[in-house]
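Hello,

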Amino acid sequence: MKKDIHPNYQPVVFLDTTTGFKFLSGSTKGSKETAEWEDGNTYPLIRVEISSDSHPFYTGRQKFQAADGRIARFNKKYGK
């Protein structure tokens, strides 16, 4: 592996700004803000708008619309 061409991979705390949910993960993204994690160490803090805690698909709040088929759309449009 070549030296000095890869970004620094480090543990980072991600904060969901809508719910306040925090999780620790690895990332190459850095931040000037820091947060203290449960293990007592301080890590860079990255704020995100959507995470698994607030995304409608993972929370079960997503609504699925019934997709009409071609025949149903034809019958609806031209009536039978």
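**Strands, core and one serine**

In this predicted model, strand β1 (residues 10-16) runs parallel to strand β4 (residues 42-48), and 4 bridges join the pair. Leu15 has Arg47 of β4 as its bridge partner.

These two strands belong to an open sheet of 4 strands with mixed pairing, in the order β2-β1-β4-β3. From one strand to the next, the twist averages 50 degrees.

Now to the nonpolar residues. The largest nonpolar core has 6 residues: Val13, Leu15, Ala35, Trp37, Tyr43 and Leu45. Two or more of its residues come from each of β1 and β4. If you click on Leu45 and ignore neighbours within four places in sequence, you will find contacts with Val13, Leu15, Ser31, Glu33, Thr34 and Ala35.

Is Ser27 buried or exposed? With a relative accessible area of 12%, Ser27 counts as buried because that value is under the 20% cut-off. Beyond the residues up to four places away in sequence, Ser27 touches Asn8, Tyr9, Gln10, Val12 and Phe14. The side chain of Ser27 also reaches the backbone nitrogen of Lys29, at 3.0 Å.

Best wishes

Conventions. Residues numbered from 1 in each chain as written. Predicted model: local features only at pLDDT ≥ 70, side-chain atom pairs only at ≥ 80, totals over all residues. Heavy atoms only, no water. Pairing = 2+ DSSP bridges. Axes fitted to C-alpha atoms, helices over the stretch in contact; angles between N-to-C directions. Core = buried A, V, L, I, M, F, W, Y, C linked by side-chain atoms within 4.5 Å. Buried < 20%, exposed > 50% of the residue type's maximum accessible area, 1.4 Å probe, protein only. Contact = heavy atoms within 4.5 Å. Polar contact = N/O pair within 3.5 Å; in protein donor to acceptor, adjacent residues only side chain to side chain.
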